[in-house]
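Visitor: I have a structure to look at and would like a walk through it. Can you put it up?

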Amino acid sequence: MILTLTPNPSLDRTFEVDDLAVGEVVRATATRKDPGGKGVNVARALGANAVPATAVLPVGGADGAQLVDLLATSGITVAPVRVGGETRSNVTVVDAAGRTTKLNAPGTALTEAEATALLDAVAAALGAQPDDRVVVGAGSLPAGAGDDFYVRLGQVCARAGARLALDTSGAPLAAAVAAGVASLVKPNDEELAELAGRELRTVGDVVAAARDVMRAGVAQALVSLGSHGALLVTPERTWWAGGPPLVPLSTVGAGDSTLAGYLSAAHLGPRQALRTAVAWGRAAVLLPGSGVPAPAQIHPDDVQVVAEPDPTTAVEEL
Ligand SMILES: Nc1ncnc2c1ncn2[C@@H]1O[C@H](COP(=O)(O)OP(=O)(O)OP(=O)(O)O)[C@@H](O)[C@H]1O
Ligand SMILES: O=P(O)(O)OC[C@@]1(O)O[C@H](CO)[C@@H](O)[C@@H]1O
């Protein structure tokens, strides 16, 4: 079973425009709403591919209610935790050239009791399902959760014998890595560079930074590289996967679909799991808004996997 926790979910609103002229009145040519937040998207992508998933998230206000309604139609189990504040709405503007501008709200602050209720909801869901379980902690943390929130989530997972996969950034990522609570991390290259405190120009730079992270107890790093594919790094081995260039419609949530694809195929071994991850990520960028791909939209055969890629290759040349 895969369970996702999204401490800072969002009702994602996407506006398509011809040209985003800052400081002008810009009329949208189309709009859409999607359930959003990184863990929510991981659960949606799994659900769209018939992989059972449960999404735990705080929910408040009218946008929160709409988020839950939209999720109810997507084939995943939702475990909403009612909170006093209002669920945020994030805005994406996509112009005719496919450029994406994203405005993310800070999100409603959680009280200590609400943060604890979220962790309790995860513990309860894990208790109800004793088989092999993975918990995905994903996205930013709202005020009040505390930078150690994912460390606390890791402790909940450890007590229940579940593994934690983490997709976050900044101080919450640094705290979780230092505490050694995650089995898998899914940073993009910028997030990994921030964590490492240095620029990552080559494949070797990325792999070295990923292995630094692993020394604290992380077993695998799935590092997404945007249009340059993704690297999977374990303490002993490295694989790269990517495919022919694409013209994206919206890159929002591509990393979430990547992580979902990886988890869906983890039992098939690293090579196949990475191929699946990249195939799901590539499919996601061809969808509008925060769309997640269905099986017919995913093409693993387009993805090339290379074991032990040349460490001197520049990431931009992949
Ligand atoms: N422009 C692109 N062309 C082709 N594939 C892309 C492109 N952008 C992203 N992808 C695919 O999606 C995957 C994830 O992208 P990226 O590294 O941008 O994730 P991310 O920064 O975590 O995204 P998000 O936070 O929006 O979910 C990449 O590994 C790649 O397979
Ligand atoms: O503000 P955060 O939590 O970092 O990211 C939130 C978010 O940008 O991530 C998802 C895409 O990955 C969107 O659905 C959502 O709006």
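Visitor: Which residues in α3 are buried?

Guide: In α3, those are Glu114, Ala115, Leu118, Ala121, Val122, Ala125 and Leu126. Buried is said of a residue with 20 or more other C-beta atoms within 10 Å of its own, exposed of one with 12 or fewer, and partly exposed of one in between, with C-beta atoms placed from the backbone. Seen down the axis of α3, the buried residues fall within an arc of 135°, so they line one face of the helix. That arc is taken over the directions from the helix axis to the C-beta atoms.

Visitor: What should I know about the model and its numbering?

Guide: This is a predicted model, where local features need pLDDT of at least 70 and side-chain atom pairs count only at pLDDT 80 or more, while totals for chains, interfaces and linings use all residues. Residues are numbered from 1 along each chain as its sequence is written, and chains are lettered from A and ligands numbered from 1 in the order in which they are written.

Visitor: Back to α3. Which residues are exposed on the other side?

Guide: Glu112, Ala113, Thr116, Ala124 and Gly127. Helices (H or I, at least four residues) and strands (E, at least two) are DSSP runs, numbered from the N terminus.

Visitor: And what do the buried residues of α3 pack against?

Guide: They pack against β1 (2–5), β4 (53–59), β5 (77–82), β8 (134–138) and α4 (149–160). Contact here has C-beta atoms, placed from the backbone, within 7 Å.

Visitor: New topic. Which residues come nearest to ligand 1?

Guide: Of the 20 residues around ligand 1, Ser224, Ser227, Ala254, Gly255 and Gly281 come nearest. A residue counts as near if its C-beta atom, placed from the backbone, lies within 6 Å. The elements that give two or more residues to this shell are α8 and α9 (270–285).

Visitor: And which are closest to ligand 2?

Guide: Gly36, Asn90, Asn104, Gly139 and Ser140, out of 16 residues that surround ligand 2. Two or more residues of that shell come from each of β2 (10–16), α1 (38–48) and α8 (254–265).

Visitor: How many residues of α8 are buried?

Guide: 12 of the 12, so α8 is largely enclosed by the rest of the structure. Among them are Asp256, Leu259 and Tyr262.

Visitor: Last one. What does Val223 touch?

Guide: Not counting residues up to four places away in sequence, Val223 touches Pro187, Asp189, Leu192, Val206, Ala210, Ala230, Leu231 and Val233.

Key: Contact = placed C-beta atoms within 7 Å.
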